[in-house]
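Hi,

Here is the structure I promised to pass on. Have a look at it first, and then read my notes below.

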Amino acid sequence: MAKDQTGFSSFRFCCCILVFLFALSSIPLLYWSCFFGYGYYYIQTTTSNENRSTNLLRFPKAWNHLDFSSQPPQKLLKIALFVKKWPDENQAGGLERHALTLHLALAKRGHELHIFTASSSNSSFPLYPHFHISRPTAAGYLDQAVVWKQFQAENATKRPFDVIHTESVGLRHTRSKNLKNLAVSWHGIAYETLHSDIIQELLRNTTDDPVKSPALSERVKKVIEEVKFFPNYAHHVATSDHAGDVLKRIYMIPEERVHVILNGVNEEIFKPDVSKGNAFKSNLGIPESKSLIVGLAGRLVKDKGHPLMFEALQQIFNENSTFRDNVIVLVAGNGPWGTRYKGLGSSNVMVLGPLEQDQLAGFYNAIDVFINPTLRAQGLDHTLLEAILTGKPLMATKLASITGSIIVSQEMGYTYAPTVWELKKALYKIWEDGRESLQKKGRFARKRGLKLFTATKMAAAYERLFLCISSDEKQEHNYCIYQPQFN
């Protein structure tokens, strides 16, 4: 009995902390709903009025809204990157793909890149940038003692590093606290994950005592941990507007140390190409008579929302034969739910397996709308950005990072609450709207995507941040001051 009371007290304590944290965030959430969730007009008008000098370290919105020079800067940097794993180009997770896209772009602009990462049988290392390889720990992380020794050896050469960049906790906070010229990119923080945990708990549909399922209370402890150690990193890059707001208001990091730079993807690969889309459909034997082609891509696992999508499709197929016979569902990626999608028993559900980037470009061009049913409220999923640049409208879960930075209005696509009923309503809605309406949304999405979500935009913003935090008083050019460029 005493043990049960202790467990309940612990759970109640964590719940109190949880309520307190969400109360703290209620104002910023309302702010984002008004000004970002459905306020694209606000972003446009305020950005267009930014015609005076600005201190970038206090710029309140995503740096992607600013226009930086396409010419390489006068000062070329020596950059150290810490990343847990260097990805195989065609099989990369979000964090690894971000590191790959960003730092190869910076290398092409003339900066000297040194990448500290762990060896992997799945990774291929190009001749440039410079790689400093170490064996991972038993848990698969960077061996901090080894990579720190490698870093110090290179930093002691004739030219020390101008700036240090770590993808998430590639470089641990115990090593970073004295590095003033360091920036960390967060692709997910524990506070965001609380929303995902709540969704998962509700979807379990069980009468089990929550005390016996400690995921939520453990996550609250993780939030408190992060609030304590995050200040050990000098500068923080949030990859979504919502995450930036949480870092400032909930994690209480000074605003001049928090910067929002949205993810970007390769605009030379992901772009409209009708012939490529037609060839992709032809190879799959999809007839022109089909009324709609929807696409899903990524890891086919539980936390990416595929159990929810599977159940919604199964119910729709059982209740509406017209939808089942006339809508094609293309599923790209790997994971256990690929086999289950095949078990839906419809020839119109095609599971394609993992695709290389060029094949993905064909996939996006073949579909009418891209659906991301993710339950992970972290960062910005690259698949959404790839679809946008290809000119496709989106349908995605109503999560703060998505509605605050990507699907900011109904002109770009659809959002839904993560329940089977709401997902079914959204699927029926895109079917009823039809191709003409979807194409209009896709054109709007691409127009906005070219302003915000290209690899070029992302690399230019990071380059300017790195120049800013590497600057000293002796330099003539103050890279922390933004001067608007006029045509």
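Searching the whole structure turns up 1 cavity of 30 Å³ or more. A cavity here is a set of points, on a 1 Å grid over the protein atoms alone, where a 1.4 Å probe fits but cannot get out. The largest cavity holds about 40 Å³ of space, where a volume is the space filled by probe spheres set on the grid points, and those points are joined across faces, edges and corners. Its lining is made up of K281, I286, P287, E288, K290, I293 and R435, and a residue counts as lining if it has an atom within 4 Å of a point. Sorted by class, that lining of the largest cavity has 4 charged residues, 3 nonpolar ones and no polar ones. For these classes, Ala, Val, Leu, Ile, Met, Phe, Trp, Tyr, Cys and Pro are nonpolar, Asp, Glu, Lys and Arg are charged, and the others, Gly among them, are polar.

Before you go further, keep in mind that this is a predicted model: local features need pLDDT of at least 70, side-chain atom pairs count only at pLDDT 80 or more, and totals for chains, interfaces and linings use all residues. Residues are numbered from 1 along each chain as its sequence is written, and side-chain values use heavy atoms, with hydrogens and water left out.

Next, a pocket. A pocket is an open set of points with protein on both sides within 12 Å along at least five of seven lines. (Helices are DSSP runs of H or I with at least four residues, strands are runs of E with at least two, and both are numbered from the N terminus.) By class, the lining of the second largest pocket splits into 11 nonpolar, 9 polar and 9 charged residues. Both domain 1 (54-264 + 456-476) and domain 2 (274-453) put at least three residues into the lining of that pocket; the domain bounds come from an automatic or database domain assignment.

While you are looking at helix 17, find T454, which sits in the loop between helix 16 (420-452) and helix 17. T454 is buried, at 5% relative accessible area. Buried means under 20%, exposed means over 50%, and partly exposed is in between, using a 1.4 Å probe and protein chains only. T454 and L262 are 192 residues apart along the chain, with 9.4 Å between their C-alpha atoms.

Now the disulfide. The structure holds 1 of them, a disulfide being a pair of cysteine sulfur atoms within 2.5 Å. It joins C468 to C480, with 1.9 Å from S to S. C468 belongs to helix 17 (residues 455-470) and C480 to the loop between helix 17 and strand 15 (481-482), so the pair ties together parts that are 12 residues apart in sequence. The link of C468 and C480 is right-handed, with 100° about the S-S bond, and both cysteines are buried.

How many salt bridges does the structure hold? There are 19 salt bridges, counted when a side-chain nitrogen of Lys or Arg is within 4 Å of a carboxyl oxygen of Asp or Glu.

- E386 pairs with R97, the closest N and O atoms being 2.5 Å apart. This pair links distant parts of the chain, with E386 in helix 14 (residues 382-389) and R97 in helix 3 (residues 94-108), 289 residues apart. E386 is buried at 1% relative accessible area, and R97 is buried at 18%.
- D245 pairs with R249, with 2.6 Å between the closest N and O atoms. They are 4 residues apart in helix 8 (residues 241-249), about one helical turn. D245 is buried at 8%, whereas R249 is partly exposed at 41%.
- D303 pairs with R376, the closest N and O atoms being 3.1 Å apart. D303 is partly exposed at 21%, and R376 is partly exposed at 32%.

Cheers
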